[in-house]
Amino acid sequence: MLSVLLRQARRILLTVLLGGLLGATLVRLGPGFGVDERELDNRLSAESQQSIRREHARENNVALFYVRYLGGFLRGDLGFSRSLNRPVAELLRQRLPLTLESLGYGVCGGAGLGLLLALLTVWWRAPGSALAPALLSGVCLAMPAAVIALLFLWMGAASRWAIALVVFPHVYRYAKNQLVATAQSPHVVAAEAKGLSSWRVLWAHVFTPAAPQLAALAGISVSLAFGASIPIEVICDTPGVGQLAWRAAMDRDLTLLVTITVLVALMTLVVNSLADLGLAAWKNSAPPADAGSAVA
Amino acid sequence: MSLKQKIALAILGVAVAASLGAGYLAQSSYSEQFREAISVPPSARFWLGTDELGRDRFARLLYGTRVSLLLAPAAALLATIIAAVIGGAAGYLGGRWERLVTAGVDLFLSLPWLFLLLAVRALLPLNTSPVISVIITFLLLGCLGWAGPARLIRAGTRTLVNSDFLVQASASGISRWRLFWRHLLPNLRPILLAQFWVSIPLFILSEANLGLLGLGVSEPLPSWGSMLRELENYSAVLQNPWMLVPVILLVAVVGCLQLLLGTEERLSC
């Protein structure tokens, strides 16, 4: 188990470091990098303009910038945002709680709704019962996140629930397929034949065995929710990390963009790895398939 | 092909045909401005009304549909080809190539799709001509959208590589190149088709989101994303829902139909 944990940690660290370097390289190679409108300000003295140029020159070598950035990162110094004129750590401290709260509500709300509708679809087997949830999930899936955000804005609802509507169809479709497949397995047919109540069969014999696979959705849900939070926070003018990511990209703010890239990659990989580890632990602890059928 | 797929394809075919016949169906160009008819509601002359610059919304919707509906499949095709080559080669060659590709895929997938797209798009020139902006937007979608499909194609290739017919073909002395192109890739067709269909609605939505954030197709060329940008003026849209209901409905219906096609294709493979 320890070796698996170490391997996962090494993979996360390498991917995050590479992601940060890739982000920094892309920003450095992007046209317009290093152009600062302050250099056109006639009120600034020659020394001040020299100082601005020196400031940019330090970012010209990506490798050097990245090594210096990582050194600061390890000391807790995330650098200074040129476009917002404030330390990156301060910006994140202010905005991260808001985004994390939105993501929490969005992921829990979306996953909860998706799972609930998937369970109801499997439980209520009347013809056409899956039509309404399938339609709802199809419409949510076919709508751009920004349009969903605007609909919520019009209705005066909190934008975090817009994130839930983006996450919901992905969870619903995967969970429904998983639960339907489990519901058709022999042990469920045997449980129904023994006269167990439909709720008991659904909970104990369909949902519980499928739960670890469903937990794997956590990783993809967090990634989806963060992706959706960018247009949603921009449209709803919510001062979160999603909006900050948009500002960083638009203003080509190297330090800010690299920090957000590292942060987002780290968050996604950690949640994915936790889901993978949970699934692996469950597989190791579960009795072999033959033993289950023998008991049945 | 199932009945549902046939119906979905027929409706999409009508939408594509209407967009291709925009020159005949629309009474004006997408950029022609009628200064005497600014923000007018639907009428016999302007079927969907005009925007705040006096441009015919119906003409813009048809031309925008052409841009979104024809270029998203092109981007999906590019992404699928890149994924087939990278994922297929990784699964076929195995070893360090497979590890390298897996690391690259992990790197791409560790960042949310829209964040990656936004960051890379913002780094490219923004003040370009409309045609260049269309090319940049959809080329970017194609070049960045390969990672997810590549992972599935690699897994599919690994399964095929160990199958009896490939082992037998290999044992009979066929070259590795011929084995890959003549025996492996054709058998990956169901996965490739499914990935192609699944990518189209994803790319249409991504273009719409980019357009809404001001990073999509440049004006005056219309696309669904740039048309949806008017949603920002939500008080005006709330008073005059006819402004954007057609484009929202079209995006939702086309997205649903594409999803239906993708789902059916995925289930059949």
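**Notes on the predicted two-chain model**

1. Starting with burial: 39% of the 296 residues in chain A are buried (20 or more other C-beta atoms within 10 Å of the residue's own, with C-beta atoms placed from the backbone). Bear in mind that this is a predicted model, where local features need pLDDT of at least 70, side-chain atom pairs count only at pLDDT 80 or more, and totals for chains, interfaces and linings use all residues. Residues are numbered from 1 along each chain as its sequence is written, while chains are lettered from A and ligands numbered from 1 in the order in which they are written.

2. Along the principal axes, the C-alpha atoms of chain A fill a box of roughly 90 × 50 × 30 Å.

3. Chain A has 13 helices and two strands (DSSP runs numbered from the N terminus: H or I of at least four residues for helices, E of at least two for strands). Of the contacts in chain A with a separation of 6 or more, 76% join residues 24 or more positions apart (contact: C-beta atoms, placed from the backbone, within 7 Å).

4. Have a look at helix H6 (residues 145–155) of chain A: its buried residues are A:Ala145, A:Ala146, A:Val147, A:Ile148, A:Ala149, A:Leu150 and A:Phe152. After H6(A) comes A:Gly156, with a positive phi near 75°.

5. Now the chain pairing: 31 residues of chain B are in contact with 37 residues of chain A. Helices giving two or more residues to chain B's side include H4 (95–109), H10 (189–212) and H13 (245–268) of chain B. H5(B) supplies the largest share, eight residues. By class, that side of chain B has 27 nonpolar, three polar and one charged (nonpolar: Ala, Val, Leu, Ile, Met, Phe, Trp, Tyr, Cys and Pro; charged: Asp, Glu, Lys and Arg; polar: the others, Gly among them).

6. Within chain B, the axes of helix H1 (residues 3–20) and helix H3 (residues 57–93) come within 8 Å and cross at roughly 120° (lines fitted to C-alpha atoms over the stretch in contact, with angles from 0 to 180 degrees between N-to-C directions). That makes H1(B) oblique to H3(B) (under 35 degrees is roughly parallel, over 145 roughly antiparallel, 65 to 115 roughly perpendicular, the rest oblique). B:Ala15, B:Val16, B:Ala18, B:Ser19 and B:Leu20 in H1(B) meet B:Leu62, B:Thr65, B:Arg66 and B:Leu69 in H3(B).

Key: Two residues are in contact if their C-beta atoms, placed from the backbone, lie within 7 Å. A residue is buried if 20 or more other C-beta atoms lie within 10 Å of its own, exposed if 12 or fewer, and partly exposed in between; C-beta atoms are placed from the backbone.
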